[in-house]
Amino acid sequence: MMKPELFTKDTTAIIYGYQQNAIQRMLDFDYVCGRKIPSVAVIVDPGREGWHKAFFGKAEILIPIAPDLKTAAAKFPGTDVMINFASFRSSYSSTMEALETKTINTITVIAEGVPERRARQIAARAKELGKMIIGPATVGGIKAGCFKIANTAGTIDNIVESKLHRPGSIGFVSKSGGLSNECYNIIARNSDGLYEGIAIGGDSYPGSTLLEHILRYEAIKEVKMIAVLGEIGGTEELKIVEHLKKGLIKKPLVIWVTGTCAKMFSGGVQFGHAGAKANSDIETADAKNKALREAGAVVPDSFDDYGDKIKKTYEALVRKGVIKPAAEVIPPTVPMDYAQAVKEGKIRKPTSFINTISNDKKEELEYCNVPISKVLESEMGIGGVIGLLWFRRELPPYARKFLETAVMLTADHGPAVSGAHNAIVASRAGKDIISCLASGLLTIGPRFGGAIDGAAQNFKRAEEAGLTPAQFMREMKAKNVPIPGIGHKVKSLTNPDMRVELLKKFVRKNFKITPTLDYALAVEQLTTQKKGNLILNVDGCIGVCFVDLLKSCGQFSQKEIDDIIALGMLNALFVLGRTIGIFGHVFDQKRMKQPLYRVPYDEIAYMTELK
Amino acid sequence: MAQKGIREYDGKRVLFDWLAKDFPKLKERAKKLALITPETKEKEALSANPWLKTTKLVVKPDQLFGKRGKHGLVLLNADWKTAWKWIAERMNKTVTVGKTTGELTHFLIEPFTPHAEDEEYYVAIRSERDCDVVYFSPKGGIYVEENWDKVIETRIPILGSAADAQFKLPDIKRREEVVRFLRSLHGLYAEGGFAYLEINPFSFSPDGDIVPLDLVAKLDDTAMFETTKLWGDMEFPPAFGTALTKEEAFVKHLDEQSGASLKLTILNPKGRVWTMVAGGGASVIYADTVCDLGYSKELANYGEYSGDPSERLTYEYAKTVLDLMTRTPDSRGKVLIIGGGIANFTDVAKTFGGIIKALAEFKDKLVKNKVSIYVRRGGPNYKEGLARMRKLGDTLGLPIQVYGPETHMTRIVSMALEKK
């Protein structure tokens, strides 16, 4: 025979199945009860190992996750309860394993739909071993102020409302989990509250029976009266009758057997619970209620006055001095969950980010307030999308064309330049395409690919400051820096770069004003006098024309233009264009299955002897 | 999910397949079973079961009711022509068996096997909590009840097996063979997810082969995942005389396609008290209370939804109930009870969402039917759920009374009925 008490304020449980909500609800209950240690010792999530983070009051704690029951039980030998959330398919094997685990004495089986034979085998083995099974098909149970099984009694508000955070005097047992919660409420409103409540589950063969729990309550000193909710079907209540008659249940017992309506239906309605069907006259609710009443139980006339009967019975015990009403305890408040508080509009919080360019929270994705469908329909192209996402403007067609031209012109410059070279080496080292791209892009800076940005910055500054081209050249010379965007390997004024010529032609035709380009060309006149190939190159041309685009389209203030240039958007334009080319080189290498590249020795001067 | 009766056809199909392991001659019998439905064509029946033409036959209705012999519903030792005509005369005809009236739709045909009248034995297996009980009587057939004192009980512990059980049978003919049969039968009972199995009678053919005659069985349908192979294509027909209505069948379908539970039984389509209650336990209590207050004749339905059904499921469910309750207006008006206890984990606001949507859709019909609505519920997010119900009352122009856990669960029943 097992001990009548299943749970204490120090009871801890193994949770079989990764049920995060149920775990948090148990811990919240622990907190309002003032438990010192969390009631969840360990989680078994088959095949998984690690930690689960949960709240214990205001603080966060870590609960270990074990890959199997054996590991969990070995680690927590003092934990004697298991709450089994395994499915109806696997409940049997995990429950049997738990039964055979020495340290585990009480197992709650949550699953609905466990085969009856399996449930009976579980019950029989538990009986042999003197262990307790609650369920299957149950929400569990609760010992007020001590220990709560899984989702029993619902939200913390309800727990406090039903005075479940401290023990009262009434022991309760029923089949139904939903109704047990209702009954805790009824008990709280009509007495000093629940001592312990168990829902044995609605199946035909629950692991433990109403009677077993009644007899436990009979043996627990603190339980002063017992409340039970029975159900049509089965003969369980008749065993209670026998025990009442034999005087084995001495504490006042308030009981109601539900299903009195069944006599009105023909054909035997199957109610919501599998076990709730009368197979013979003695299993009807009326017969059972009558037998219980005759055996001395307090039986109401209908469920409607179940609470009144509890109240009367309770008050009589108080008058007799059997019950000293439990003192009210004000529980600590469990901090509200953030999501819940937000939902209820109880808190606000400053955001960490601002976003002004796009919106994915609307019916349709928007780029700067333009629905994506309109982006496509208007055929604004990549240039238009850059306009929306970079400048937050709908750019005129010629501006979009210019941006696209810049992207096209910067897309590639052969395999030898740093960006492409690096990407090729990375690609041949077998790296993924993103790593290859990154290794190429990471070379872009002051010496490689930075000329567009540099040209725009310098020519813009000089032109706006009103420096003459000669003054500007002197200034750059004094700094000892070459003028960005000036100079080409082979091209000259007489042998011009066709890319530059086409660009200039486009700009002259479409832009209203071209002050920066004009200025750069004036500088070019001077530099080419020094050396024929010091022409405005394609990078320089893109840079200065970009400045003129901003100035000529009339959509940007001077301040905005300054910001755009200072933000480095021209660098971005180069990166965007060059990404196309770099990917080209990466795919090229992969397509050709090129092996790892190693710099040949004769490319390197070994001078390690150097002192 | 519960114990469900099955057709004798399915029961025998499974039985013969199983017994063939221990009684090889029964292998043939497994193939000689035919189920005739209103859709069956004579030609198809014959091509699927050529033995029908060559064997003498037994025919009987197969619709989960007994005492067929007493009601003249068994045809013995007939040829195919007679059998087919006999079925045709009875198919889709209404008969009354005991207190139940229903339509005949399914007939089982088997080969007719002559057996010794003095060798009619009875066997039944039933589950108790900690054992299976095998009942055996040497006086089987229609005499078993009046000879109940001759019945021998053998208890097989749930953790034990029939191999270890001592069958203390009286000194009957072919005793060893009978014991072997009982052992095999119990094997099927245990392995096959049975909740009840009765063969009354079984006997022996002139060749000395065991012959199970009438069979009644119930299966535990939750065992399906373990017994798929044994059961094959198993059907769970409704009890005789209780064919599901279209709406009940629809809710059954919703129930089967989800992990949540949804149930609906129409008791009286003209009734004025309709319920839509959350929870298997609570729903019974609401129905009880309606009856306890003397309104059982007015109670239109029994039903429940539970196990955290999705908003879509509760919407479909509510629509079905509302449609049924607004078909024929009654000048005295109607009552809809949307009840429930305090949920443990079902999100009340979410499940109410589906009900509210359905109520809004049925606004005009509800007004026309003078429906008063009473709501009582608690549990996670109940405040939001109840607030949404109250708000709906304002917009619907219908009287909706809304209560939470502070009001006794069934009080709305008396409020609703005593107001009438």
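Biologist: How many residues of chain A are in contact with chain B, and which helix gives the largest share of that side of chain A?

Modeller: Bearing in mind that this is a predicted model, 51 residues of chain A are in contact with 52 residues of chain B. On the side of chain A that touches chain B, α4 (116-129), α5 (156-161) and α6 (177-190) each supply at least two residues. The largest share, seven residues, comes from α4(A).

Biologist: How do the residues on that side of chain A divide into nonpolar, polar and charged?

Modeller: The side of chain A in question is the one made up of the 51 residues in contact with chain B. Sorted by class, these residues of chain A come to 17 nonpolar, 23 polar and 11 charged.

Biologist: Which domains does chain A have, and how far apart are the C-alpha centres of domain 1 and domain 2?

Modeller: The domain assignment of chain A gives domain 1 as 13-320, domain 2 as 358-410 and domain 3 as 418-591. Taking domain 1 and domain 2 of chain A, their C-alpha centres lie apart by 63 Å.

Biologist: How are α15(A) and α16(A) oriented to each other, roughly parallel or roughly antiparallel?

Modeller: The axes of α15 (residues 418-428) and α16 (residues 433-441) of chain A come within 7 Å and cross at roughly 150°. Angles over 145 degrees count as roughly antiparallel, and therefore the orientation of α15(A) and α16(A) to each other is roughly antiparallel.

Biologist: Is the crossing of α15(A) and α16(A) left-handed or right-handed, and how many nonpolar, polar and charged residues does their contact have?

Modeller: Where α15(A) passes α16(A), the crossing is right-handed. The contact includes A:Ala420, A:Ala423 and A:Ala426 from α15(A), with A:Cys436, A:Leu437 and A:Leu441 among the residues from α16(A). By class, this contact between α15(A) and α16(A) has six nonpolar, six polar and no charged residues.

Biologist: Which elements of chain A do the buried residues of α13(A) pack against?

Modeller: In α13 (residues 381-391) of chain A, the buried residues are A:Gly384, A:Ile386, A:Gly387, A:Leu388 and A:Phe391. Just after α13(A), A:Arg392 takes a positive phi of about 55°. The elements of chain A against which the buried residues of α13(A) pack are β15 (366-367), β16 (370-371) and α14 (397-410).

Biologist: Turning to chain B, what percentage of its contacts between residues at least 6 apart in sequence join residues at least 24 apart?

Modeller: Chain B has 14 helices and 19 strands, and its C-alpha trace spans about 80 × 50 × 40 Å along its principal axes. Of the 420 residues of chain B, 45% count as buried. Among the contacts in chain B between residues at least 6 apart in sequence, the share that joins residues at least 24 apart is 70%.

Biologist: How far apart are the C-alpha centres of domain 1 and domain 3 of chain B?

Modeller: Chain B is divided into domain 1 (31-111), domain 2 (121-231) and domain 3 (246-418). Between domain 1 and domain 3 of chain B, the distance of the C-alpha centres is 43 Å.

Biologist: Why does B:Val97 count as partly exposed, and which residues is B:Val97 in contact with beyond four places in sequence?

Modeller: B:Val97, found in strand β5 (residues 94-97) of chain B, counts as partly exposed because it has 19 C-beta neighbours inside 10 Å, whereas a buried residue needs 20 or more. B:Val97 and B:Lys67 are 30 residues apart in sequence, and their C-alpha atoms are 8.1 Å apart in space. Leaving aside neighbours within four places in sequence, the residues in contact with B:Val97 are B:Phe65, B:Lys67, B:His71 and B:Phe240.

How values were computed: Residues are numbered from 1 along each chain as its sequence is written. Chains are lettered from A and ligands numbered from 1 in the order in which they are written. This is a predicted model: local features need pLDDT of at least 70, side-chain atom pairs count only at pLDDT 80 or more; totals for chains, interfaces and linings use all residues. Helices (H or I, at least four residues) and strands (E, at least two) are DSSP runs, numbered from the N terminus. A residue is buried if 20 or more other C-beta atoms lie within 10 Å of its own, exposed if 12 or fewer, and partly exposed in between; C-beta atoms are placed from the backbone. Two residues are in contact if their C-beta atoms, placed from the backbone, lie within 7 Å. Domain bounds come from an automatic or database domain assignment. Ala, Val, Leu, Ile, Met, Phe, Trp, Tyr, Cys and Pro count as nonpolar, Asp, Glu, Lys and Arg as charged, and the others, Gly among them, as polar. Axes are lines fitted to C-alpha atoms, for helices over the stretch in contact, and angles run from 0 to 180 degrees between N-to-C directions. Angles under 35 degrees count as roughly parallel, over 145 as roughly antiparallel, 65 to 115 as roughly perpendicular and the rest as oblique. A crossing is left-handed if the near helix is turned anticlockwise from the far one by less than a right angle, and right-handed if clockwise.
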